[in-house]
Amino acid sequence: MPSVFLLRRCRPALQKSRAAVMRLAGWWVCGEGERVREAGEAIAALRPDIVACDLRLLDGHATRLAYEMRGWAGRRPQMLLLSSSNEDLRLFDALSAGADSYAADTGDGEGLADGLRRLADRRAPMTASIAQQALAAFGVQRSRLAAAQLPTAGQDLGPTGAGLSMAEQHLLSLLAQGWLLPEIGERWLLQPAEIEQRLWRIYARLHARQPLPAAQAAGGSVSMKLWRAASFS
């Protein structure tokens, strides 16, 4: 039964999010919080499957928690970012730091529910602006459109030398130019869900390129120690 820790910036949002999770068959809320400072220890102790977190919280930004969770030993929860806009300029920062996906905060819980279902299947979305930033972060140029849209482009496993396959570079290039997942799927003869799984893996590769801050790399935080104890108990 998948478990969720809700980290929202206000009580009404927590209540709506809790109700949305309760409507998902087999899901349950294992904990809640409103501040980054207090969340790390609670999450480390409860070991949820997913942390659903507002991009901006009362005492900081989700990037801080994303970095901290990346430094935990053993299995760590996946992180779903919640934002009122998929074009928020800070969204890419948190995705690079360790978040695994994002969802629009629609206010009625539907965005959260859809985001949780996708992330449980290791699927993630990506906007054109995030794809552009990802290409820059990996240090690769956009593929030529003529090459990226070929039916065989989605199966090109050749390396780019930047931690991506050619197929992943082509995918980012098409998204950066405004292509939608159904359009890419139709051209590559793939289901949109499979393309979303590829995007989830690209985020994971992005994390590996982002060094941890010194405190997380040294293993000094209290919540990290709690997580290690819980992971091997």
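Leaving aside neighbours within four places in sequence, which residues is alanine 104 in contact with?

## Surroundings of alanine 104

In this predicted model, the residues that meet alanine 104, once its neighbours within four places in sequence are set aside, are Ser83, Asn86, Gly111 and Leu112. Alanine 104 itself belongs to strand 7, which covers residues 101-104.

The relative accessible area of alanine 104 is 28%. Because buried means under 20% and exposed means over 50%, alanine 104 is classed as partly exposed. Serine 85 lies 19 residues away from alanine 104 in sequence, yet the C-alpha atoms of the two are 6.2 Å apart in space.

## Overall architecture

The protein contains 12 helices and 7 strands. Along the principal axes, its C-alpha atoms occupy a box of roughly 50 × 40 × 30 Å. A compact globule of 233 residues would have a radius of gyration near 17 Å, and the value of 18 Å for the protein agrees with this.

Of the 233 residues, 51% are buried. The protein exposes about 10600 Å², of which carbon and sulfur atoms supply 53%. When contacts between residues at least 6 apart in sequence are considered, 70% of them join residues at least 24 apart.

The buried positions in helix 3 are Ala62, Thr63, Leu65, Ala66, Tyr67, Glu68, Met69 and Arg70.

## Packing of helix 9 and helix 10

Helix 9 comprises residues 181-188, and helix 10 comprises residues 192-209. Their axes come within 9 Å and cross at roughly 105°. Because angles of 65 to 115 degrees count as roughly perpendicular, helix 9 is described as roughly perpendicular to helix 10.

On the side of helix 9, the contact involves Leu181, Pro182, Ile184, Gly185 and Trp188. These residues meet Pro192, Ile195, Glu196, Arg198 and Leu199 in helix 10. Classified by residue type, the contact between the two helices has 7 nonpolar, 1 polar and 2 charged residues.

Note on methods
Residues are numbered from 1 along each chain as its sequence is written. This is a predicted model: local features need pLDDT of at least 70, side-chain atom pairs count only at pLDDT 80 or more; totals for chains, interfaces and linings use all residues. Side-chain values use heavy atoms; hydrogens and water are left out. Axes are lines fitted to C-alpha atoms, for helices over the stretch in contact, and angles run from 0 to 180 degrees between N-to-C directions. Helices (H or I, at least four residues) and strands (E, at least two) are DSSP runs, numbered from the N terminus. Angles under 35 degrees count as roughly parallel, over 145 as roughly antiparallel, 65 to 115 as roughly perpendicular and the rest as oblique. Contact means heavy atoms within 4.5 Å. Ala, Val, Leu, Ile, Met, Phe, Trp, Tyr, Cys and Pro count as nonpolar, Asp, Glu, Lys and Arg as charged, and the others, Gly among them, as polar. The radius of gyration is taken over C-alpha atoms; the globule rule is 2.2 Å times the number of residues to the power 0.38. Buried means under 20% relative accessible area, exposed over 50%, partly exposed in between (1.4 Å probe, protein chains only). Accessible areas come from the Shrake-Rupley method with a 1.4 Å probe; for residues, only the protein chains shown count as cover.
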